[in-house]
Protein chains: 2
Amino acid sequence: MSTTTELEAPTTTIQPRAAVIAMPEYHPPLASRSQLRLDFNENTFAPSPRVFATLQSLTAEGLTIYPEREHVEHLVAEHYGLQPAEVMLTNGIDEAIHLLACAFLEPTDEVLLCTPSFFMYDVSCSMMTSNLIRIQADDTFAFPLERFLAAITPKTKLILIATPNNPTGQTVSRKQMLQICAAAPHAVVFADEAYFHFHGDSTLADVPSVPNLIVGRTFSKAYGLANLRIGMLAGPAQLLGYIRKVSSPYNVNGIALEVLPEALGDQPYLDWYVSQVTAGRERMFTALKELGVRTWPSAANFILMDIGPRHKEFVAAMREQGVLLRDRSADPGCDGYVRITIGVEDHVTRGIAALRTSFAEIGWTPAESRSAAGKSEGEREYE
Amino acid sequence: MSTTTELEAPTTTIQPRAAVIAMPEYHPPLASRSQLRLDFNENTFAPSPRVFATLQSLTAEGLTIYPEREHVEHLVAEHYGLQPAEVMLTNGIDEAIHLLACAFLEPTDEVLLCTPSFFMYDVSCSMMTSNLIRIQADDTFAFPLERFLAAITPKTKLILIATPNNPTGQTVSRKQMLQICAAAPHAVVFADEAYFHFHGDSTLADVPSVPNLIVGRTFSKAYGLANLRIGMLAGPAQLLGYIRKVSSPYNVNGIALEVLPEALGDQPYLDWYVSQVTAGRERMFTALKELGVRTWPSAANFILMDIGPRHKEFVAAMREQGVLLRDRSADPGCDGYVRITIGVEDHVTRGIAALRTSFAEIGWTPAESRSAAGKSEGEREYE
């Protein structure tokens with residue numbers, strides 16, 4: 001080799017952990033997002049006005065102080081009828097998942113999850129073990145309870161279930177969740193309720209009585225605080241104690257901690273936002289049925305659409321119309337499927353108008369959606 | 001056992017990873033901190049007015065959007081004359097250390113560090129390996145370079161060095177740091193420059209030419225952004241690539257990302273704050289010498305004081321005077337030592353006044369400081 005100049009990057013043989021080489025990477029499409037954001041299942045409007053008022057009341061000196069999460073955890077626990085030791089606040093639900101993996105997963109442990117689901121489960125768990133057991137849902141995307149239960153082994157250490165599930169919108173009932181907890185008493189069962197508010201069924205109240213259940217919530221969705229990064233874990237004090245051990249005491253920033261009690265306290269705002277989404281979801285389902293797009297039932301603030309082979313062309317056409325969508329084709333069993341977020345009334349209206357224009361523009365026909373529009377049948381062969 | 005009632009916490013035999021059981025916990029004293037905060041080495045005043053102006057210009061809708069760190073990493077890289085791939089922003093430097101451990105440490109790897117130093121090194125590294133090699137400084141707290149170099153083995157994977165060091169204030173020169181990098185080409189050398197601004201010596205400019213050097217910086221100290229949680233890693237793109245893999249793409253909140261360019265851009269503010277600290281540090285050293293308190297040279301925004309056996313009584317007396325200090329007695333080799341943060345002029349004045357009053361009140365005498373006041377000699381036997 002020639003002599004090294006300062007312009008050449010120095011090379012090293014230093015390797016990361018073997019698991020880090022093997023694990024997948026999460027690359028969200030992060031281009032300009034200045035258009036109507038129906039791609040990340042965010043609140044499309046704004047958080048409670050009480051949150052914004054708190055933000056504007058912050059002092060400059062306060063920015064210099066290390067943020068203490070403990071007293072806010074007490075307030076949150078009280079809000080949910082839990083003990084303070086049963087609640088831990090995290091830097092978004094992403095960190096919650098990461099810390100679960102750090103706390104519990106030895107290389108020989110098995111992780112059980114249903115696919116398609118939230119991809120960060122794969123990322124965080126693969127960092128600690130290569131034994132990820134993925135149970136693929138059939139094309140109805142109904143939760144495959146029997147196959148899931150059958151996959152539990154003595155090595156199962158962590159079970160991850162999102163309800164409502166992302167990107168399918170499907171749910172796992174409280175009864176099913178408790179059945180899984182009972183079937184795997186040696187495993188931590190993580191019930192990811194990020195989209196709970198658009199649904200209503202929950203196991204949060206079961207935390208005090210189920211020794212292996214940890215419920216996750218985020219304030220990024222209905223509460224509209226995605227920018228601030230705040231999520232929570234609710235579970236037995238004993239299990240959360242292990243998670244606290246692997247966490248920095250300063251994992252949640254002080255602004256998120258300041259505004260959280262205001263967000264939690266403004267129930268009228270939350271009710272309003274949820275009603276916007278549930279009404280908008282019905283309008284969107286109706287419009288998609290009229291347009292001949294196959295969909296699946298959704299209990300979340302998004303709908304998965306079966307667009308078919310021209311999914312990329314469709315997403316590009318929507319972007320031309322000023323609306324961002326999320327192509328889920330890379331998810332297992334989701335080739336040709338595109339997800340659209342349901343926001344407030346005006347944003348749903350704009351989304352529907354853009355759908356009509358885009359479909360017309362690219363000459364899309366319902367035949368491209370591989371089953372009859374609006375039905376949720378299991379006979380589909382397309383993969 | 002009696003029958004379980006709803007009031008009893010359910011028990012489980014679920015165990016965390018063996019390393020999680022073995023690792024130490026970090027319990028910062030987090031009682032009320034409404035007094036003068038000379039305990040956590042924070043900026044005691046406020047960040048740049050440009051930061052606060054940006055905070056006040058934020059929109060409510062912006063709070064709903066997932067924060068993208070990449071474009072800010074480009075700005076930060078440009079600021080430091082680095083390539084974008086050579087910079088990664090983190091949720092404070094705590095997360096940076098945690099991610100270094102996650103990315104690089106197999107259970108058989110060795111970690112090399114000097115003690116006393118920042119305790120989060122122990123916490124994060126113990127989460128991944130039990131092979132922590134701690135080189136204890138002698139009572140001068142000078143960096144034990146020769147013993148450190150002699151402790152490098154083929155198994156050494158990560159070397160952690162804070163300069164200036166916390167809680168001692170001592171430094172490792174750029175030349176020494178590069179010598180360590182050269183002596184352990186098979187290991188990642190992490191130069192933690194959290195307190196860089198109060199010192200000036202740095203290896204940041206060496207990042208493009210040293211293949212195993214990763215420099216850490218925080219914006220919690222001189223920049224006054226501790227509440228927002230923002231730190232950075234600068235290192236070879238190849239090594240940072242592994243760290244990005246184990247990180248959430250949304251690890252840094254959006255407000256920290258919004259204000260960071262303003263903080264970096266306000267050099268006059270930074271210069272002013274640093275000059276306040278360096279002038280205050282001299283005033284504090286002078287006062288401590290007059291009071292007969294043994295200290296060590298400090299290149300940081302704090303001074304370590306040798307109070308002796310009555311360190312708890314002294315810290316309590318200072319709290320009575322409205323000033324919070326940090327008792328470092330639990331740190332290895334630090335029994336009886338208390339750390340005081342240097343802030344802006346008025347806060348140093350208040351700190352000095354409280355010291356005089358507290359010493360008088362508890363009848364403290366220089367004989368309790370085990371060596372002659374103000375000297376940094378190595379003959380001390382006290383341990």
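This is a predicted model: local features need pLDDT of at least 70, side-chain atom pairs count only at pLDDT 80 or more; totals for chains, interfaces and linings use all residues.
Local features were considered at pLDDT of at least 70 and side-chain atom pairs only at pLDDT 80 or more, whereas totals for chains, interfaces and linings use all residues. Residues are numbered from 1 along each chain as its sequence is written, and side-chain values use heavy atoms, with hydrogens and water left out.

Between the two chains, 87 residues of chain B are in contact with 87 residues of chain A, contact being taken as heavy atoms within 4.5 Å. The chains bury about 7200 Å² between them, 59% of it on carbon and sulfur atoms, where buried area is the accessible area (1.4 Å probe) lost by two parts on being put together, summed over both. On the chain B side, B:I14, B:Y66 and B:K245 lose the most area to chain A, together 11% of what that side buries. The interface also holds 3 salt bridges, defined by a side-chain nitrogen of Lys or Arg within 4 Å of a carboxyl oxygen of Asp or Glu; A:E61 forms a salt bridge with B:R37, with the closest N and O atoms 2.9 Å apart.

Within chain B, helix α11 (residues 311–320) packs against helix α12 (residues 345–362) at an angle of about 125 degrees, their axes lying 9 Å apart. Helices are DSSP runs (H or I, at least four residues), numbered from the N terminus, and axes are lines fitted to C-alpha atoms over the stretch in contact, with angles running from 0 to 180 degrees between N-to-C directions. Angles under 35 degrees count as roughly parallel, over 145 as roughly antiparallel, 65 to 115 as roughly perpendicular and the rest as oblique; α11(B) and α12(B) are therefore oblique to each other. In α11(B), B:E313, B:F314, B:A317 and B:M318 meet residues of α12(B) including B:L355, B:F359 and B:I362.

Notes
Chains are lettered from A and ligands numbered from 1 in the order in which they are written. Helices (H or I, at least four residues) and strands (E, at least two) are DSSP runs, numbered from the N terminus.
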